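Thanks, everyone; I would like to take a few minutes to walk through one part of a structure with you. Please have the sequence and the model open as I speak.

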Amino acid sequence: MKFKKAIILSGLLLLILPILAGCTTTLKKYDANEKLGPQVNYTITGIDAGAGIMATTQTAIQKYGLNISNWQLQTSSTAAMTSTLDKAIENKQPIVITGWQPHWMFTKYPIKFLKDPKNAYGSSEHINTIVRKGLKSDMPEAYTILDRFHWKSTDMSSVMLDVNAGMDPSKAAKKWIKNNQTQVNQWTDGVKKVNGKKIKLTYVAWDSEIASTNVVAEVLKEHGYSVTIQSMEMQPMWASIATNAADAQVCAWLPNTSKQFYDDYKGKYDDLGPNLEGAKVGLAVPKYMTNINSIEDLKK
């Protein structure tokens with residue numbers, strides 16, 4: 001009986017596979033002479049549903065009247081979005097994505113931000129360090145290092161590129177620290193080492209935050225801390241600091257991306273200010289889409 005079922009299933013597969021093969025279509029290359037909307041099925045390729053940029057993009061869709069043309073934001077993940085971007089660029093196909101910088105994709109791929117004349121995404125952002133109440137008195141050494149932690153987009157991008165190339169995040173962080181010891185010394189100058197004191201950092205699993213969190217973790221380890229890092233969605237990450245379940249996070253994109261949680265938990269954390277400035281979020285497209293330079297161009 002099992003043998004007969006196997007023969008039947010094999011026969012069905014032989015019938016189905018040619019049909020599936022015939023249904024497979026390859027997206028056409030970008031055509032500047034055709035309207036963009038139909039070429040991308042009126043879809044903006046996004047990331048995780050809970051990410052601040054997704055909420056801002058929904059606002060942008062309304063603000064620019066893209067909803068009238070039935071434009072939609074596709075929920076995905078950072079990894080899925082960059083994979084889709086990679087395939088689109090390889091084949092010179094049209095694509096519109098939610099983008100943010102610093103991120104390795106702006107170094108690896110020829111992409112550009114779209115102008116935002118209605119300022120739906122706000123001005124440039126900064127990434128702040130947020131710590132739990134009482135950290136300054138409980139762990140003054142860690143507090144000082146976290147308070148001094150500050151680097152540039154190029155620093156973050158170099159770590160992200162190594163991780164994207166397959167390097168373990170902790171090894172990429174150690175490599176950056178080794179190559180930038182003078183800068184790290186400015187964060188730790190005069191700070192006494194501790195002996196195995198536990199500290200927990202939470203973060204959102206974006207490439208940028210993986211980079212910054214691992215660098216901070218390795219610096220704290222070098223200073224004698226027993227460091228735990230835990231990936232979370234954005235809301236639980238903020239809640240972990242507000243409830244003292246974790247000690248710090250270096251992932252607060254402000255004033256827009258993390259605004260909701262920054263406001264919701266106000267008074268339940270300490271804001272140590274920016275650890276990186278000049279960050280940016282918005283919509284992005286490949287540079288070969290030469291006639292698409294503004295969000296308003298999506299309506300053409």
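Let me begin with serine 157, whose place is in helix H8; helices here are DSSP runs of H or I with at least four residues, strands are runs of E with at least two, and both are numbered from the N terminus. This is a predicted model, in which local features need pLDDT of at least 70 and side-chain atom pairs count only at pLDDT 80 or more, while totals for chains, interfaces and linings use all residues. Residues are numbered from 1 along each chain as its sequence is written, and side-chain values use heavy atoms, with hydrogens and water left out.

Helix H8 covers residues 153-164, twelve residues, and spans 16 Å from its first C-alpha to its last, close to the 16 Å expected at 1.5 Å a residue, where the expectation is 1.5 Å times one less than the number of residues.

Is serine 157 buried or exposed? Serine 157 has a relative accessible area of 12% and is therefore buried, the term meaning under 20%, with exposed over 50% and partly exposed in between, for a 1.4 Å probe and protein chains only. Leaving aside neighbours within four places in sequence, serine 157 is in contact (heavy atoms within 4.5 Å) with Pro102 and His103.

The buried residues of H8, among them Met156 and Val159, pack against several elements, including strand E5 (125-132) and helix H11 (207-222). Just after H8, glycine 166 takes a positive phi of about 110 degrees.

Turning to strand E8, residues 248-254, seven of its seven residues are buried. E5 and E8 run antiparallel and are joined by five bridges, with valine 131 standing opposite alanine 248 in E8; strands pair if DSSP finds at least two bridges between them.
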